[in-house]
Amino acid sequence: MSTRILVVYYSATGNTAKLAESLAKGAAETGAEVRVRTVAETAPPEAIATNPRWQAYVDAGPRAELATLGDLEWADGLAVGSPTRFGGAASQLKSYLDTTGGLWAKGKLANKVATSFTTASTAHGGLESTILAINNVFYHWGSIVVPLGYTAAHLMESGNPYGGSWVSRKSAEPDDVALQALHIQGTRLATIATFVAEGLRSSGV
Ligand SMILES: Cc1cc2nc3c(=O)[nH]c(=O)nc-3n(C[C@H](O)[C@H](O)[C@H](O)COP(=O)(O)O)c2cc1C
């Protein structure tokens, strides 16, 4: 049975979406079955209209299917991504995460392997605080949290052991250094999720 990986993200202007796609590729290369999902846009039209890049992204339509609770239950491993919003995750992503109480109460989210990623416009604008905030949800679920660390030589260059990230100066799209870090993160997530899922299945947990 293939390891099942869910990549779920919110993106307003496309940067987090690109990070998600690279992470998904890295996971898929291990032979894992990968679902890439986004979450609903909940901002009012007048807020979206204040940012032409946000408006264009919304007008182009969703880049992925919307995540369901079934996707979370299905997954052995999860990667959750959000742009940094005032040092934390976007409310659109949090709204989705806040619908998981029923699954949590039944213990359906325990023992999943989980990792997170983000992008911000400045190097000290809250990359780590956003990743740590997403990880707080994982702790409540009983997930096995997988940081990126400096587990590959490339990560000394991309430089965020908390999780894949991108500093989008002047709205720049993720560069190859950042995308490679996300690819490594996807491979690492799927590899560790495989170890854990096989162990759980063989032990009947
Ligand atoms: C409401 C709002 C809040 C933001 N807060 C931060 C922040 O706290 N720190 C930062 O460096 N960038 C911040 N940004 C910039 C975004 O995180 C950045 O542009 C990111 O790359 C957008 O990702 P996306 O294209 O996936 O939407 C903020 C942007 C918006 C619209």
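Modeller: One of its oxygen atoms is 2.6 Å from an N or O atom in the side chain of threonine 16. That is a polar contact, a pair of N or O atoms within 3.5 Å. Keep in mind that this is a predicted model: local features need pLDDT of at least 70, side-chain atom pairs need 80 or more, and totals for chains, interfaces and linings use all residues. Residues are numbered from 1 along each chain as its sequence is written, and side-chain values use heavy atoms, without hydrogens or water.

Two further contacts follow. Threonine 122 has a polar side-chain atom 2.9 Å from an oxygen atom of the ligand. Serine 121 uses its backbone instead: an N or O atom there lies 3.1 Å from a ligand oxygen. On its own the ligand has 650 Å² of accessible area (Shrake-Rupley method, 1.4 Å probe), and the protein covers 79% of that.

Now widen the view. The ligand is surrounded by 17 residues, counted if a heavy atom lies within 4 Å. The closest are Ser11, Thr13, Thr16, Thr84 and Thr119. Helix 1 (15–28) and strand 5 (113–120) are the elements that give two or more residues to this shell. Helices (H or I, at least four residues) and strands (E, at least two) are DSSP runs, numbered from the N terminus. The ligand takes up the space of the largest pocket. A pocket here is an open set of points on a 1 Å grid where a 1.4 Å probe fits, with protein on both sides within 12 Å along at least five of seven lines. A molecule sits in it if more than half of its atoms lie within 2 Å of its grid points.

For bearings, turn to helix 9. Its 28 residues, 176–203, should span 40 Å at 1.5 Å a residue, and its end C-alpha atoms are 40 Å apart, which agrees. The expected span is 1.5 Å times one less than the number of residues. Aspartate 175 caps the N-terminal end, with a side-chain oxygen 3.2 Å from the backbone nitrogen of valine 177. After the helix comes glycine 204, with a positive phi near 75°. Buried residues (under 20% relative accessible area; exposed is over 50%) in helix 9 include Ala178, Leu182, Leu189 and Val196. Glutamine 180, also in helix 9, counts as partly exposed because its relative accessibility is 36%.

Conventions
Buried means under 20% relative accessible area, exposed over 50%, partly exposed in between (1.4 Å probe, protein chains only). A polar contact is a pair of N or O atoms within 3.5 Å; within protein, one must be able to donate a hydrogen and the other to accept it, and residues adjacent in sequence count only if both atoms are side-chain atoms. On a 1 Å grid over the protein atoms alone, a cavity is a set of points where a 1.4 Å probe fits but cannot get out, and a pocket is an open set with protein on both sides within 12 Å along at least five of seven lines; lining residues have an atom within 4 Å of a point.
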